Amino acid sequence: KNLKKQEVLDRLRTIQKVSGAEGLPLSEVDLSKDFDPEEWDKRMAEVFNDDYYAQEDAEFARLQEKLENEGGAASARKQSIEALAGRLGEG
């Protein structure tokens, strides 16, 4: 039983890390009683509320900027290819 509890707590820590919620109290989950889906939904709504989603996500911003920069480079390449194709068609 203790092994199973440790496994669940390890999974909760993983969820905290992946979700960026490492400071949130997910470890307060009571593993000694039966699972109650309504209680779980209520708890998740408390943890992942508007404040959680309003937080700045530096990693997301970095990846979004990288994607936008790559998109601009792809657009420039496409324009160069179209210009070259146009010049080849003129000849």
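A quick word on the ground rules. This is a predicted model, where local features need pLDDT of at least 70 and side-chain atom pairs count only at pLDDT 80 or more, while totals for chains, interfaces and linings use all residues. Residues are numbered from 1 along each chain as its sequence is written, and side-chain values use heavy atoms, leaving out hydrogens and water.

On to the fold: there are 4 helices and 0 strands, running α-α-α-α from the N terminus. Helices (H or I, at least four residues) and strands (E, at least two) are DSSP runs, numbered from the N terminus. Of the 91 residues, 10% count as buried, meaning under 20% relative accessible area, with exposed being over 50% and partly exposed in between (1.4 Å probe, protein chains only).

Now the charged pairs. The structure holds 2 salt bridges, each a side-chain nitrogen of Lys or Arg within 4 Å of a carboxyl oxygen of Asp or Glu.

| Salt bridge | Closest N and O atoms |
|---|---|
| Arg 11 – Glu 7 | 3.0 Å |
| Arg 43 – Glu 46 | 3.2 Å |

Arg 11 and Glu 7 sit 4 residues apart in helix H1 (residues 2–19), so about one helical turn separates them. Arg 11 is exposed at 53% relative accessibility, whereas Glu 7 is partly exposed at 31%. In helix H2 (residues 37–47), Arg 43 and Glu 46 are 3 residues apart, again about one helical turn. Glu 46 is partly exposed, at 42% relative accessibility.
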